[in-house]
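Biologist: I would like to learn how to read the features of a protein model, one at a time. Could you take me through an example?

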Amino acid sequence: MKITLLKASNDKKSFKFFEHIGAEVNIIYDLEKTDDKLSELINNNYTIIIMTSEVAGFSENIIKKYNNNSEIKIIIAPSK
C-alpha cells in the first residue's frame, strides 16, 4: 500500500504536518492537469491518495472512475 498527498502549488498551509514528518506530498503546479497527475500516481501503484478540496475541484475522474473502486481510495480533505 502506497500513500501520497496532493495539493496545489499556491497552497502553503495544507498538509504541513505530513511534510514535517517526511510524508510524500505531491504538488500540482497546473490544476488543469489534476487528472493527469492522478493517473500517474495510480500507474505508480499508489492506493491511497489524499488531496485538498481545491485540487479535487479540478478533477473530472474522481467520482466517475474511483468512487466505487475498492482498490483505489481517494480522500478529499478541506483546504486550509
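Modeller: What follows is a conversation about strands, salt bridges, aromatic rings and contacts in this structure. This is a predicted model, in which local features need pLDDT of at least 70 and side-chain atom pairs count only at pLDDT 80 or more, while totals for chains, interfaces and linings use all residues. Residues are numbered from 1 along each chain as its sequence is written, and side-chain values use heavy atoms, with hydrogens and water left out.

Biologist: Which strands does β1 pair with, and how many bridges join them?

Modeller: Helices (H or I, at least four residues) and strands (E, at least two) are DSSP runs, numbered from the N terminus, and two strands pair if DSSP finds at least two bridges between them. Here β1 is joined by four bridges to strand β3 (residues 48-52), and the two run parallel. Four bridges also join β1 to strand β2 (residues 25-28), again in parallel.

Biologist: Is β1 mostly covered or mostly open?

Modeller: The general idea is relative accessible area: buried means under 20%, exposed over 50%, and partly exposed in between, using a 1.4 Å probe and protein chains only. In this model β1 is mostly covered, with five of its six residues buried.

Biologist: How many salt bridges are there, and which residues form them?

Modeller: A salt bridge is a side-chain nitrogen of Lys or Arg within 4 Å of a carboxyl oxygen of Asp or Glu, and by this rule the count comes to two. In one of them Glu19 is paired with Lys7, and their closest N and O atoms are 3.5 Å apart. Glu19 belongs to helix α1 (residues 16-20) and Lys7 to strand β1 (residues 3-8), so this pair ties together parts that are 12 residues apart in sequence. With a relative accessible area of 34%, Glu19 is partly exposed, whereas Lys7, at 3%, is buried.

Biologist: And where does the salt bridge of Glu40 and Lys37 lie?

Modeller: That salt bridge, whose closest N and O atoms are 3.3 Å apart, lies in helix α2 (residues 34-43), where Glu40 and Lys37 are three residues apart and therefore separated by about one helical turn. Glu40 is partly exposed at 41% relative accessibility, and Lys37 is buried at 18%.

Biologist: How should I read a pair of aromatic rings, and how many such pairs does the structure hold?

Modeller: A pair of aromatic rings is described by the distance of the centres and the angle of the planes. Rings of Phe, Tyr and Trp (its six-membered ring) pair if their centres lie within 6.5 Å; planes under 30 degrees apart count as stacked, over 60 as edge-to-face and the rest as tilted. The structure holds two aromatic pairs. Phe15 and Phe18 are edge-to-face, at 6.2 Å centre to centre with 70° between the planes. Phe17 and Phe18 are also edge-to-face, at 5.6 Å centre to centre with 75° between the planes. These ring pairs link Phe15, Phe17 and Phe18 into a cluster.

Biologist: Which residue lies over the face of Tyr46?

Modeller: A charge sits over a ring if NZ of Lys or CZ of Arg is within 6 Å of the ring centre and within 35 degrees of the ring normal. In this case Lys2 lies over the face of Tyr46, at 4.4 Å from the ring centre.

Biologist: What is Asp35 in contact with, once its neighbours within four places in sequence are left aside?

Modeller: Contact means heavy atoms within 4.5 Å, and on that basis Asp35 is in contact with Ser59, Glu60 and Asn61. Asp35 is placed in helix α2 and is buried, at 17% relative accessibility. The side chain of Asp35 also reaches the backbone nitrogen of Glu60 at 3.1 Å.

Biologist: Is Thr34 buried or exposed?

Modeller: Thr34, likewise placed in helix α2, is buried at 0% relative accessibility. Leaving aside neighbours within four places in sequence, Thr34 is in contact with Ile28, Val55, Phe58 and Ser59.

Terms used. A polar contact is a pair of N or O atoms within 3.5 Å; within protein, one must be able to donate a hydrogen and the other to accept it, and residues adjacent in sequence count only if both atoms are side-chain atoms.
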